[in-house]
Amino acid sequence: MDYKKAGVDIEAGYQSVELMKEHIKKTMRPEVLTNIGGFSGAFSMEAFKNMEKPTLVSGTDGVGTKLKLAFLLDKHDTIGIDCVAMCVNDIACAGGEPLFFLDYIACGKNVPEKIATIVKGVAEGCSQSNAALIGGETAEMPGFYPEDEYDLAGFAVGVVDEKDLITGKELQAEDVLIGIKSSGVHSNGFSLVRKVFDMTTDSLNTHYKELNQTLGEALLAPTKIYVKALRNVKNANVRIKACSHITGGGFYENVPRMLPEGKHAVIRKDSYEVPAIFKLLASKGEIAEEMMYNTYNMGIGMILAVKKEDVEKTLQAIKEANEEAVIIGHIEDGKTGVTLC
């Protein structure tokens, strides 16, 4: 008996690392001090010593049951983007600049080519957010996961000068809410998605005219990464007063998280067109509108609050980052919470 006969192929692990190196190399930043494959990753803070009060911000998350669709369609090249997005968007939401990322893949069987494809997506997400992929772990766990399944999670660290932290404390009545559009369902609410639609390859490969693509393509569309858009807004000398990443819990859970006591957000549902995938989901699943807004991003992945006089500069900065943004509401004095009308 040996480890390989027990189900763990150490040689496959070595091969996975070799195959991922070409993708990881594309994410490197000058501050990275170590090579991939070591016991830890080292990142120099020398470039940030001129900040008044350099402050680290971090985020960790996974992809959730969206992975089930990747398994069914045997498509693993974009799921890593989702993992990075879920972490770095939270960092950007606090005003931080993502610095580096680490991933964790746990699988039933290490198939080096599949692992490398997953990491290729992770590296693409890191490139989009200018974060270095400085390390990670691939754990082969036979008997715990089925051979053709895996879990994917990640952890990111960023930096911000303390004075530039986005906290919501400066919010005032009549500040304007700007929504940056999403790419679809992103990475939340898939347990409900999987109850609404048949989770078969035939179902996921069905082309829907209203989607202009197959159901699987629409649902697996990678999560938008908003780092560049928020950086552009900051570089336009706009103070983002508050920010909310619309993830699990939709509008009703996430918008109040950006509000201080005594401030209320009012969002107009007719301020933008809800994407077809959400209309199809609501129709097929007979899901009430309130539940949709309490579960999904409904087409808006990030919400910013800025002063009235900064609205045009903000919209232009987001457009220059190749993202779409719309004015969706405003801030009022009142009980902390959100009204969708």
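Glycine 216, leaving aside neighbours within four places in sequence, is in contact with Leu73 and Leu204; contact means heavy atoms within 4.5 Å. This is a predicted model, where local features need pLDDT of at least 70, side-chain atom pairs count only at pLDDT 80 or more, and totals for chains, interfaces and linings use all residues. Residues are numbered from 1 along each chain as its sequence is written, and side-chain values use heavy atoms, with hydrogens and water left out.

Where does glycine 216 lie? In helix H7, residues 215-220. Helices here are DSSP runs of H or I, at least four residues, numbered from the N terminus. Glycine 216 is buried, at 2% relative accessibility. Buried means under 20% relative accessible area, exposed over 50%, partly exposed in between, with a 1.4 Å probe and protein chains only.

Next, asparagine 254. Its place is in helix H9, residues 250-254. Asparagine 254 is buried, with a relative accessible area of 2%. Its side chain reaches the backbone oxygen of glycine 248 at 3.2 Å. Not counting residues up to four places away in sequence, asparagine 254 touches Ser244, His245, Ile246, Thr247, Gly248 and Gly249.

Last, a helix pair. The axes of H3 (residues 79-93) and H4 (residues 112-129) come within 6 Å and cross at roughly 40°. Those axes are lines fitted to C-alpha atoms over the stretch in contact, and angles run from 0 to 180 degrees between N-to-C directions. So H3 is oblique to H4. Angles under 35 degrees count as roughly parallel, over 145 as roughly antiparallel, 65 to 115 as roughly perpendicular, and the rest as oblique.

Note on methods: Helices (H or I, at least four residues) and strands (E, at least two) are DSSP runs, numbered from the N terminus. A polar contact is a pair of N or O atoms within 3.5 Å; within protein, one must be able to donate a hydrogen and the other to accept it, and residues adjacent in sequence count only if both atoms are side-chain atoms.
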